[in-house]
Amino acid sequence: MSKRLQKPFPALYPVPVTLITCLGSEGEPNVFTASWVGTVSSSPPQVAISVRPYRYSHVAIEQTGEFVINIPDESLLRAVDVCGHISKARADKFAMTGLTLMPASQLKTPLVAECPVNIECQVVQKISLDSHDLFVSKIIAVHVDEALLDEAGFIDYSRTRPIAYLGNEYWGLGQRLNTSGFFRRETR
Ligand SMILES: Cc1cc2nc3c(=O)[nH]c(=O)nc-3n(C[C@H](O)[C@H](O)[C@H](O)COP(=O)(O)O)c2cc1C
């Protein structure tokens with residue numbers, strides 16, 4: 001392997017593709033695509049999303065202290081692309097994409113009905129990182145499409161078709177490689 005040294009850039013891949021819903025100051029819903037999103041703690045379960053301060057959605061999240069992470073599947077790729085390139089300041093993304101909303105269980109912010117998984121989040125801390133603000137948030141509730149659940153009530157990930165973001169490209173996932181800790185079961 002011969003490596004070429006490069007200048008720092010956001011090199012980590014893959015990152016998830018999510019649709020974030022939030023509520024504006026007049027109570028109007030908005031949706032935007034976000035990939036600077038990650039799990040940051042297990043107990044209590046916490047996630048963090050990074051949002052550019054000048055985004056329309058940034059004001060909403062800062063004011064309400066809440067948002068929903070909606071996980072789209074491959075069938076929603078066009079909506080993902082629209083919501084990642086069009087601002088609420090210019091157009092109604094729900095009308096453009098056909099995405100619809102349904103009520104959350106704990107938050108005022110609604111869920112994207114077409115996304116199979118929705119994670120209700122309450123902001124606990126905002127950290128300014130220059131180009132982006134990081135909203136560290138507690139997971140308040142999670143909604144999962146029944147069709148994804150196995151008999152024991154766990155997500156059967158072979159049924160999910162998440163979208164990954166690599167560089168500026170959307171990718172689907174390949175096949176399952178193994179289960180965490182599989183090396184312990186290996187026979188010598
Ligand atoms: C794949 C993808 C990922 C994105 N991830 C983020 C992100 O993590 N944070 C962010 O601030 N903007 C991100 N964007 C850009 C916003 O989705 C985009 O600027 C959107 O129009 C903002 O909507 P708003 O102006 O209605 O808030 C991403 C765009 C794409 C296409």
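In which segment is Pro14 found? Pro14 is in the segment before strand 1, and a cis peptide bond with omega about -5° joins Tyr13 to this proline. Here helices (H or I, at least four residues) and strands (E, at least two) are DSSP runs, numbered from the N terminus. Residue numbers start from 1 along each chain, following the sequence as written. Please keep in mind that this is a predicted model: local features need pLDDT of at least 70, side-chain atom pairs count only at pLDDT 80 or more, and totals for chains, interfaces and linings use all residues.

Let us start with the whole chain. The protein chain has 3 helices and 12 strands. Its C-alpha atoms fill a box of roughly 65 × 50 × 35 Å along the principal axes. The radius of gyration, taken over C-alpha atoms, is 18 Å. A compact globule of 188 residues would have a value near 16 Å, so the two agree; the globule rule is 2.2 Å times the number of residues to the power 0.38. Of the 188 residues, 27% count as buried. A residue is buried if 20 or more other C-beta atoms lie within 10 Å of its own, exposed if 12 or fewer, and partly exposed in between, with C-beta atoms placed from the backbone.

Now look inside. The largest nonpolar core has 31 residues. Such a core is a set of buried Ala, Val, Leu, Ile, Met, Phe, Trp, Tyr and Cys residues joined through C-beta atoms within 7 Å. Among the residues with the most contacts inside this core are Leu19, Ile69 and Val80. Leaving aside neighbours within four places in sequence, Val80 is in contact (C-beta atoms, placed from the backbone, within 7 Å) with Val17, Leu19, Thr33, Pro72 and Ile163.

Strand 6 (66–71) is one of the elements that give two or more residues to the core. Because 6 of its 6 residues are buried, strand 6 is largely enclosed by the rest of the structure. In a regular strand the side chains alternate between the two faces of the sheet. Both faces of strand 6 are covered, with Glu66, Val68 and Asn70 buried on one side and Phe67, Ile69 and Ile71 buried on the other. Two strands pair if DSSP finds at least two bridges between them. Strand 6 pairs with strand 2 in the antiparallel sense over 3 bridges, and Asn70 is the bridge partner of Leu19. A further 6 bridges join strand 6 to strand 9, also antiparallel, and there Glu66 stands opposite Gln122.

Elsewhere, an open sheet of 3 strands has the order 1-11-12, with antiparallel pairing. Strand 1 (15–16) and strand 12 (169–171) are the edge strands, each pairing on one side only. Val15 stands opposite Tyr165 in strand 11.

Two loops deserve a stop. Pro44 lies in the loop between strand 4 and strand 5, and a cis peptide bond joins Ser43 and Pro44, with omega about 0°. Asp130, in the loop between strand 9 and strand 10, has a positive phi near 75° although this residue is not glycine. Asp130 is exposed because there are 6 other C-beta atoms within 10 Å.

Finally, visit the ligand. Of the 20 residues around the ligand (C-beta atom, placed from the backbone, within 6 Å), Phe32, Trp36, Ser57, Gly84 and Ser87 come nearest. The largest share of this shell, 4 residues, comes from strand 3.

Key:
Two residues are in contact if their C-beta atoms, placed from the backbone, lie within 7 Å.
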